[in-house]
Amino acid sequence: MQSRIKELRKLLKLNQIDFAKRINMSRSNLANIENGTVMLTTRVKNTIIKEFNVNENWFTTGEGIIFNDITDRLIDELAMQNSLDEIDKQTIRYFLQLTDSQRKQVLGYIHRLLEEN
């Protein structure tokens, strides 16, 4: 994982100082993690994944895409803030896949339902 931290940092065009600030650690500690002197903790791993929207599978194994779909991350945050369940989250995903015309039809239907109450 140390090599993927450096790869991620370079991809994001961040030096060690700026990357370390984003994950709330010192530059020297980051350098020690990158060169293998210090082991990566679960807390730091999770912080990197969350802060930079990194795919955990890629970060752990080097396989798959580097970044998570930002839409899923935003839907998850919305769900946490509004106590949405999996059906609610899937409904949002379906809505986002609709064309503009289809979205207008769905929203029109929802507005008519709300006006009836």
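Trainee: Why does Lys13 count as exposed?
Mentor: This is a predicted model, and every value I quote is computed from it. Lys13 has a relative accessibility of 74%, and exposed means over 50%, so Lys13 counts as exposed.

Trainee: Where does Lys13 lie, and what is its phi?
Mentor: Lys13 is in the loop between helix 1 and helix 2. Its phi is positive, about 60°, although the residue is not a glycine.

Trainee: What makes Ser83 exposed?
Mentor: The relative accessibility of Ser83 is 68%. The cut-off for exposed is over 50%, so Ser83 counts as exposed. Ser83 sits in the loop between helix 6 and helix 7 and has a positive phi of about 55° without being a glycine.

Trainee: How many aromatic pairs does the structure hold?
Mentor: There are two aromatic pairs. In one of them, the ring centres of Phe19 and Phe52 are 4.7 Å apart and the planes stand at 10°.

Trainee: Why is the pair of Phe19 and Phe52 called stacked?
Mentor: Ring centres must lie within 6.5 Å for a pair, and planes under 30 degrees apart count as stacked. The values for Phe19 and Phe52 are 4.7 Å and 10°, so the pair is stacked. It also links distant parts of the chain: Phe19 belongs to helix 2 (residues 16-22), while Phe52 is in the loop between helix 4 (42-51) and helix 5 (56-61), 33 residues apart. Both Phe19 and Phe52 are buried.

Trainee: What makes the pair of Trp58 and Phe59 tilted?
Mentor: The centres of Trp58 and Phe59 are 6.4 Å apart, with 50° between the planes. Under 30 degrees would be stacked and over 60 would be edge-to-face; the rest is tilted. An angle of 50° falls in that remainder, so this pair is tilted. Trp58 and Phe59 are both buried.

Trainee: What lies over the face of Phe95?
Mentor: Arg103 does, at 5.5 Å from the ring centre. The distance cut-off for a charge over a ring is 6 Å.

Trainee: How do you know that Glu34 and Arg9 meet in a salt bridge?
Mentor: The distance from N to O is 2.7 Å, and the cut-off is within 4 Å. By this rule the structure has seven salt bridges. Glu34 lies in helix 3 (residues 27-34) and Arg9 in helix 1 (residues 2-11), so the bridge ties together parts 25 residues apart in sequence.

Trainee: Are Glu34 and Arg9 buried or exposed?
Mentor: Buried means under 20% relative accessible area. Glu34 has 13%, so it is buried. Arg9 has 5%, so it counts as buried too.

Trainee: Why do Arg22 and Glu51 count as partly exposed?
Mentor: Arg22 has a relative accessible area of 41% and Glu51 has 32%, so each is partly exposed. Their side chains meet in a salt bridge of 2.7 Å, N to O. That bridge links distant parts of the chain, Arg22 in helix 2 and Glu51 in helix 4, 29 residues apart.

Trainee: What makes Asp76 and Lys89 a salt bridge?
Mentor: The distance from N to O is 2.9 Å, and the rule asks for within 4 Å. Asp76 is in helix 6 (residues 70-82) and Lys89 in helix 7 (residues 86-97), so the pair joins parts 13 residues apart in sequence. Asp76, at 32%, is partly exposed, whereas Lys89, at 10%, is buried. Together with Glu86, Asp76 and Lys89 are linked in a network of salt bridges.

Trainee: Why does Asn53 count as buried?
Mentor: Asn53 has 9% relative accessibility. The limit is under 20%, so Asn53 counts as buried. Asn53 is placed in the loop between helix 4 and helix 5. Leaving aside residues up to four places away in sequence, Asn53 touches Ile48, Ile66, Phe67, Asn68, Asp69, Ile70 and Arg73.

Trainee: Which residues make the nonpolar surface patch?
Mentor: Val106, Leu107, Tyr109, Ile110, Leu113 and Leu114 make the patch, which covers about 520 Å². A patch residue needs over 30% relative accessible area. Tyr109, in helix 8 (residues 100-116), has 47% and so counts as partly exposed.

How values were computed:
Residues are numbered from 1 along each chain as its sequence is written. This is a predicted model: local features need pLDDT of at least 70, side-chain atom pairs count only at pLDDT 80 or more; totals for chains, interfaces and linings use all residues. Side-chain values use heavy atoms; hydrogens and water are left out. Rings of Phe, Tyr and Trp (its six-membered ring) pair if their centres lie within 6.5 Å; planes under 30 degrees apart count as stacked, over 60 as edge-to-face and the rest as tilted. Helices (H or I, at least four residues) and strands (E, at least two) are DSSP runs, numbered from the N terminus. Buried means under 20% relative accessible area, exposed over 50%, partly exposed in between (1.4 Å probe, protein chains only). A charge sits over a ring if NZ of Lys or CZ of Arg is within 6 Å of the ring centre and within 35 degrees of the ring normal. Patches are made of residues with over 30% relative accessible area and no salt bridge: like charges are joined within 9 Å, nonpolar side chains (Val, Leu, Ile, Met, Phe, Trp, Tyr) within 5 Å. Accessible areas come from the Shrake-Rupley method with a 1.4 Å probe; for residues, only the protein chains shown count as cover. Contact means heavy atoms within 4.5 Å.
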